[in-house]
Structure formats: C-alpha cells, structure tokens
Amino acid sequence: MVEIGEGSAENEPDSHPTTLSKNYIVGTAGHIDHGKSTLVEALTGVDPDRLPEERDRGMTIDLGFAHLPISDPAGGDDLSVGLIDVPGHADFVKNMVAGVGAIDACLIVVACDDGWMPQTEEHLQILSYLGVTRGVIALTKSDLMEDQDMVMEFLADSLKGSFLEAAPIIPTCALGDEGVDEVKAALSAILLDGEPPRDIAKPRLNVDRVFSPKGVGTVVTGTLTRGSLSVGDSVTVMPGGRTGNLRAIQSHDSSVETAQPGMRTALNLPDLSVGHQAGKEGIGRGDVITLHDGATGSRFVDVWLHKSDRKVPGQPASSRPIPDGGKVRFHLGSGSVGARALLHTLDQLGPGDSCYAQLRLEEEVYAHIGDRFVLRDWGKRGTAAGGIIIDPEAAPGKFHTPERLAYLESVHAAADAGDARALAAAILSHRGCVQVEGFLDQSDLGADAIAKVLDDTEIAARVAGHLVPPAWWKSQVDDAKERVRKFHSEHPEKPSYPIKNFRGVYEKALPTADLVDPLMDALLESGFVKARGGLRSEDHLPSLPDNLKRAADRIQKALDANPVEPPNVGELTPDDDSREALQFLLDTGQVITLDQKNIIGVAGFDSLKALLVKHLTAEGQATASDLRQVLGTTRRILIPFLEAMDRQGVTIRDGDFRVLK
C-alpha cells in the first residue's frame, strides 16, 4: 500500500486496519511550552511535530496529527479519535484556527507552573466562537506542582463563565505517564456523552495540508464532516468549482474505501496540482472538498457576530471595538481572507456585544448556513470576535434595512432550531424565487428534511423548476387577472390583451423570465382564454363606441355590396375612426386580411373557398387563370386569396397549377 497520509515518514502504515465505527476529532489548545505536543505523544506514541524546523526549535509551528484509539469502558464500539495538535505561539494562531474548525471536543493544556496564560485565553475564546462545547483540561507538569489545591482554584477561576467551567481537570505528567490514562478516560466520557458526528450526505473536508508524494500525486488532508467520501467519487473543490477524481483514501495511515464523518482523512486527487498556480487546477489550504457539483461561492456573507467580554492580556484586539466598516481577518474552516464588517444597528461591536453584519470579502469563500467562524484583527495581533453564517450567498445591496434584519433574524432562529419549514419559508419570503435544484444544499439540513420541504405546498410552490411562496405566486396570478380586466375596461373595442404586452410587463416584473409562461398558463387555468394573439376573460365581449360602430357598419356594408371583389383598404379607411373600426373587425374575426392592401369579409372568403374546393374536387387541378374565371373575382383578390389557401393547407401549388392537399 502506498502511504498518502499525514503520519511521520518513519511510521509504517497499518496493513490490517481495524474498522472503528465511532470517529471523533479532538483539538489541543493552550499556551506555548505548556506541553501539548508532549502530551499528544504520551497519549498516542506519535510525535505530532513533523517539520524539521519544529524539532529544531522545540515548538509547534503548523498543525500536527496523531491517532488515538480508545476502548469504550461500557463495552461498546471502540472510539477512533483523531488528535490535532495546534501551535501555542501567538505568531501561529492562524494555523491554530485552521485546525480546530471541525473538532468535536478540545483538550486544553495548562502547565501548573505557568497557569492560565494569554494564549490559553485566546484559544478558549476561539473554541467558544467555533461552537465547541465539550472539553477536558490537562494540568501538565504536575511533578512541579507544590500546592495542587491553589493551582486548581486559580484554574477554576479562569474557566468561570466559559463552556469549560464544569470540565474535568486532570493533573498530568506526560514524561512519567501520570494522568495519561485518566485523560483518555475523560475524553472517552465526554465524547460518548454527546452526539456523534452527523451524516447528512453533504460531505465537506476543509483542506489543511497539501503535498505530493513521489509516484502518488496530489494529496490533501483535513477533517471530514457531514457526510462520507468514497474512492472513485468525482469531487468538487470550492471555491471555484474545480473537479477531480478521488483515487485513494487513507485515515490514520490505513487505506479505506470510504471515509466517514469525524475522520481525519487523506485524499489522493491526482487530477489537481499542489497550490493555486496560474493556469492550473490547483488546490491549497483553505479550499473545501465536496460532492456538491452545484455549489456556489460568494464574496458577501450575512452573519451573526458576537464579541466576548473576556479579555486576553496583552492583546488590545480582544477589547478594542470593531467599527462599522472596519477591516478584519475572516477565518472560516481552514481558510483566511480579508474582509470589511458592515454592522446592522450598531456603530461598533464592543466587548459583550452581538449584532448582525455583512462581511464583504476580498476573496470568494464557500460556506453553509450555520457555519462558525472567527474574526481576528487586521494586523493579525489578536482575536476580535466570532459568529455564525446566516446567509452564505448574500446580496450586497439594502443591507441596513429593517427588512434585511427581519430576514436574518428569522433565518437565524430557524437554522438554530433545525426547522426546515421555517428556514425555507424565511428564504423564499425574502428572495421571492429560488431554483429547486440546489435549494438548501448549503445548509445543515439533510436530504430527507429538504425533500419534505419541497413537497410541502404550504411552504413552496414549484413553478418551472423554481420555488416560490404560494401566497406570492397567487398574488402574481391575481395581478395578471386584474391587468387583463383593466385592459378590457379601458379598451372595450379590443378582443384581448396582447400577449406581447403581457410578456413585456412580466419579463421585467417577475424575478426570472422563466416564470412568464407558467403565469400565463395559470391565467388560462383560472377562466381566461387565448384569442387572436392575446388574453381575455371568458365573459369579455368586445364592443364599440357609437362613432366607431357607425364606421364599422359602413365598412361591413361596403364589403357586403360585393363580397368577392371588395374595395381595398385605402378606400375603406379614409379617416381615423374607419381605421380603428377596421382593426376591431379584424381583431374579432369579422374581416380577414388577404395582404397589406386587401381585405375581405368572412362571407366573401367562405364563398370563394367553397367554389375553389368544388372546382378542384371535380377537375383535380386548375391554373390561376382558370380559377379567376370560376371564382368571378379579379387578380387583385385572387392571388392573395390563393396564397391564403396554401397557408391554410387547403391547396398546394404544383408549378402553374393548384391542387387540393
């Protein structure tokens, strides 16, 4: 087996991997030199410091990884725990954030001789912003502890008010194996006490490392969440939508056919190059691997922001307010981009404050509703705030409005409650129209929950591949009805509202032109009909005012006087009233157009048609000259009449002859 994973070079991959059904990720946290890497090695037997520079300097610079199998004390399935060791130095907090974006619990490491330090506090705040709620505190270097009660008391004070206030505190001395088993047991207890990693068939892997072993091709590593990936899958890399074929998978140096949520995972993607290089389909830290081929990225995200009221000593960013429009560093998953924060309702976000905001990003990101993120100050000198993605595909306009605030509040509440119906209703109410394909894909809802929403006619109406609010769609149909009726009222002489006018109005009024034809169909289903290139209500009877009625009567009399040799259009319409009256007769089908200059009454047209059919039935064929004699009309009327017969499919021209079709 070719090794593609993230273990150290001297670790031989396990050729007989054990399948463990419970997969979890635990991230370390704590100040530099408090013994995080030493404790990880004591727990797993693996030194997580893989870089030569890390070993030379004796400090963690980038992320390290190790595998910790733990037996379930209750006799259930064993736990497969991936440990992520993060750097504790202030200069490498960016790397720390990249590693803990998808952990199930944390292992806070505090050295008893130093106690609670600034980086410990910053790490705690980062974990809190990212939604971590479970953890264990390892009080390291316990062999140096003179007064355990006092140290434990100081530590408890530091944890007060945090999500770790009631977490177990375990004195350890990794070099002497003191407390190591207790740490394993405590991790097992808190992991089993919570919900296992969810599988909603939406796999995402935030890439935290990319490399290219000789003879293997590009390999990426990260923590897999929300779904599984299998060998042979065609994956999508976001943002950007690049695609690649998944040739091989490893987890903890063992080859697997399928990676499950909660696994540290290495993916072999030979179609992609290492890094973001011009002209190449590359991949780097911060990218996201998914199966969602319709995924979309965005440079605008609407969010809920919170700034902790806890301060990090020596870090002004922890207490300095974020001004409306202020520049920040946005950390999502394993990526980091610059951004400006537009605050809703606040001029600045101070300690203890929360508000909705829009982040306008310097680069595109790929996010889901409910994703957690961290903001650091622009100078990368401290953690400033954190929050939750509310709208990952936000629109930049009209952010500071009550309507946008109401929308964000409703989406936030629905997503927090996992209420698919309320979430769909909020989005549809705000946007008016969305495509069925991909709807709620960038949310934390599974396929079953989304399918129920799509089938719920009280929440969404399906129209031409789109979803619209039922009440809104009804209002559009009602508006169309009223528009046609108003046209009838203003133009009683017109038989119908022209379809071209209808299209012109609703192609602009509706969110997409795809809805115009369905709107017309809905109109027809509700008692309206198509009539001569237009739409009319069934009860509409065209009528003329007196002046036009007199003109129409004159035209009809002139046509009736010589049905098969009527006057031309110019003779029939010497004034505006006559022209309007003639148009009415044409629209209502009482007069038929032969060509640009000639018309004929229905009686005359039907008479000519009957004589034509009778003669051709008897004779089989006839020339135009023959037919002029038979029909008793002039060439002025005959030729356009015969062309009309051809268009209607009554006759076919065969050289100089006409025959019945």
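A disulfide here is a pair of cysteine sulfur atoms within 2.5 Å. By that rule, this predicted model holds zero disulfides. Take cysteine 112: the closest cysteine sulfur sits in cysteine 173, 8.9 Å away, so that is too far for a bond.

| Cysteine | Relative accessibility |
|---|---|
| cysteine 112 | 10% |
| cysteine 433 | 14% |

Now for the nonpolar cores, meaning sets of buried Ala, Val, Leu, Ile, Met, Phe, Trp, Tyr and Cys residues joined through side-chain atoms within 4.5 Å. The largest one has 29 residues, and Ile137 is among those with the most contacts inside it. Helix α4 (118-129) and strand β4 (105-111) are among the elements that each supply at least two residues, with α4 giving the most, four. What does isoleucine 137 touch, leaving out residues up to four places away in sequence? Its partners include Ile108, Val110, Leu155 and Leu164, where touching means heavy atoms within 4.5 Å. A second, separate core has 28 residues, Val411 and Leu445 among them.

Finally, a helix pair. The axes of α16 (residues 602-619) and α18 (residues 635-648) come within 11 Å and cross at roughly 75°. That makes the two roughly perpendicular, a label for angles of 65 to 115 degrees. Phe605 and Leu608 of α16 and Phe641 and Met645 of α18 are among the residues making the contact.

Residues are numbered from 1 along each chain as its sequence is written. Local features need pLDDT of at least 70, side-chain atom pairs count only at pLDDT 80 or more, and totals for chains, interfaces and linings use all residues, while side-chain values use heavy atoms, without hydrogens and water.

Note on methods:
Axes fitted to C-alpha atoms, helices over the stretch in contact; angles between N-to-C directions. Parallel < 35°, antiparallel > 145°, perpendicular 65-115°, else oblique. Buried < 20%, exposed > 50% of the residue type's maximum accessible area, 1.4 Å probe, protein only.
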